[in-house]
Amino acid sequence: MCREKGIEPRRKFSRKFNVRLDPEDHAAAVIAAAAAGKSLNEWVIGAIREAAAE
């Protein structure tokens with residue numbers, strides 16, 4: 001289908017991902033990351049990978 005439409009099957013991504021959270025959710029994520037010994041970025045990447053693998 002992509003070939004027929006002349007488009008790339010996968011688009012390029014910038015590696016940037018902005019998320020708006022309630023302050024409580026942001027704080028909970030920071031606490032969970034610290035408890036796991038990870039940066040918030042590392043923790044979010046792990047959570048996304050885990051959820052995407054389900």
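Author: The largest pocket has a volume of about 500 Å³. This is a predicted model: local features need pLDDT of at least 70, side-chain atom pairs count only at pLDDT 80 or more, and totals for chains, interfaces and linings use all residues. Residues are numbered from 1 along each chain as its sequence is written, and side-chain values use heavy atoms, with hydrogens and water left out.

Reader: What counts as a pocket here?

Author: On a 1 Å grid over the protein atoms alone, a pocket is an open set of points where a 1.4 Å probe fits, with protein on both sides within 12 Å along at least five of seven lines. Lining residues have an atom within 4 Å of a point. Volume is the space filled by probe spheres set on the points, which are joined across faces, edges and corners.

Reader: Which residues lie nearest the centre of the largest pocket?

Author: Phe17, Asn41, Val44, Ile45 and Ile48, out of 13 lining residues. H2 and H3 are the elements that give two or more residues to that lining. Helices are DSSP runs of H or I, at least four residues, numbered from the N terminus.

Reader: Which one gives the largest share of the lining?

Author: H3, with seven residues.

Reader: And how do the lining residues divide by type?

Author: Nine nonpolar, two polar and two charged. Ala, Val, Leu, Ile, Met, Phe, Trp, Tyr, Cys and Pro count as nonpolar, Asp, Glu, Lys and Arg as charged, the others, Gly among them, as polar.

Reader: What about Arg20, buried or exposed?

Author: Arg20 is exposed, with a relative accessible area of 81%. It lies in the loop between H1 and H2. Its C-alpha is 36 Å from that of Arg3, 17 residues apart along the chain.

Reader: And where is Leu21?

Author: In the loop between helix H1 (2-5) and helix H2 (23-35). Leu21 is partly exposed because its relative accessible area is 47%.

Reader: Last one, Ala32. Which helix is it in?

Author: Helix H2. Ala32 counts as partly exposed, at 25% relative accessibility. C-alpha to C-alpha, Ala32 and Val44 are 10.0 Å apart, and twelve residues apart in sequence.

Key:
Buried means under 20% relative accessible area, exposed over 50%, partly exposed in between (1.4 Å probe, protein chains only).
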